Amino acid sequence: MVLNYIWVAFFLITFVVALVDTAINGNLSIWSDIMNAAFNSSAQAFEISIGLTGILSLWMGLMKIGERGGIIAFFGKLIGPLFTRLFPSVPKNHPALGAIFMNVSANMLGLDNAATPLGLKAMQELQSINTEKDTATDAMLMFLILNSSGLCLIPIGVMMYRAQCGAANPTDVFVPILIATTIATLAGVLALCIKQRIKIDKVLLAFGFGMIAFIGGVVYFFSRLSQEDIQTYSSFFANFILLTVIVSFLLSGVIKRINVYDAFIEGAKDGFKTAVMIIPYLVAILVAIGCFRASGAMTVLVDWVTQAVAAMGFDTEWVGSLPTALMKPLSGSGSRGMMVDAMNTFGADSFVGRVSSCLQGATDTTFYILAVYFGSVGVKKTRYAVPFALFADVVGSIAAIMVAYFFFG
């Protein structure tokens, strides 16, 4: 229901802003700009879905092998003590737990292309035990929060864009992003635990403090490396783990003596069907965002925030990075564009350029995730997914700005 109101609000705000611009400034071309943005965004949504088809087919094919080979069940048992508490409604050793683990792991390694199909597989598994097929379950909401909070250990994409924009040290945002994204994830999960009345026992506390300790260890390891070594080791660890997972899936199938090829084909067919299913949901959300941007509403919002921050006596230097923060929950490509634009305008090593980079890596594309994941299983009633996901986004953004001031201010 909340997503429905937000979607309608995008178009209403777009219309009002365009109407005011025409009445006051005599800008007649804005209507063409908005409609062109709508058409381009709908085409982009289709292209994204088609682009996902091959990746979805690959990973869902591998997931089918892992499911029949027992490797998914093994991962489910591995994180059982944690996930049985975060997902109390999911039966013990259910394949959904293994799929969720794989998705979260891929996100942590910055493997977006791998994380999406793994996440879609997890949603399908969760939907299989959903008694009300059009309504999101508590487990689905917890899973969505884990995704939208965007915990990422190795932000390869952000460092790559910083290098392309001429940053003297593209990896200087690595530690700030790591801190901000950890805070966002812990805040989002804690808030949802309170909402769903999940008891925070010794096990959850141990995992929470353990994650903080692990993040500290990663930060310590990479802080001792040079810029080039950080990029080299980040890429190595991510791709090594990814290929190891693929090989382990195949070996599990061989050991179980299943027909690995047939299992892959069966899963790949499901991947193709899923890619087609999400097209309408992507069109809906991307068109709304495209029109909102084309109307100039985003620019107006940034100007208002700048004035409000200045009126309260706070430093406004970070406000130049606000478009990245506002666009991040709406569109991954849009927020990347805003980040690159900030670095090109102010400089990759400027404060605004670094804050934009931290904001880009701190959280994930909430509305894209909601549209794709819920759309893939036909869930229409998302309950309180939006406000809690946005809460994690806000916490992550605030943390990113504060950490950037600490490191670069």
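This is a predicted model: local features need pLDDT of at least 70, side-chain atom pairs count only at pLDDT 80 or more; totals for chains, interfaces and linings use all residues.

Guide: Residues are numbered from 1 along each chain as its sequence is written, and side-chain values use heavy atoms, leaving out hydrogens and water.

Visitor: Which elements give two or more residues to the lining of the largest cavity?

Guide: A cavity is a set of points on a 1 Å grid over the protein atoms alone where a 1.4 Å probe fits but cannot get out, and lining residues have an atom within 4 Å of a point. The lining here is Val104, Asn107, Leu146, Asn147, Gly150 and Leu151. With helices taken as DSSP runs (H or I, at least four residues) numbered from the N terminus, the elements are helix H5 (95-108) and helix H7 (138-148).

Visitor: How many disulfides does a search of the whole structure find?

Guide: The test is a pair of cysteine sulfur atoms within 2.5 Å. As for disulfides, the search finds 0.

Visitor: Which residue's side chain does a polar contact join to that of Thr365?

Guide: Thr365 sits in the loop between helix H17 (351-362) and helix H18 (366-377), and is buried at 7% relative accessibility. For residues adjacent in sequence, a polar contact (N or O atoms within 3.5 Å, one able to donate a hydrogen and the other to accept it) counts only if both atoms are side-chain atoms. At 3.3 Å, the partner is Asp364.

Definitions and conventions:
On a 1 Å grid over the protein atoms alone, a cavity is a set of points where a 1.4 Å probe fits but cannot get out, and a pocket is an open set with protein on both sides within 12 Å along at least five of seven lines; lining residues have an atom within 4 Å of a point. Buried means under 20% relative accessible area, exposed over 50%, partly exposed in between (1.4 Å probe, protein chains only).
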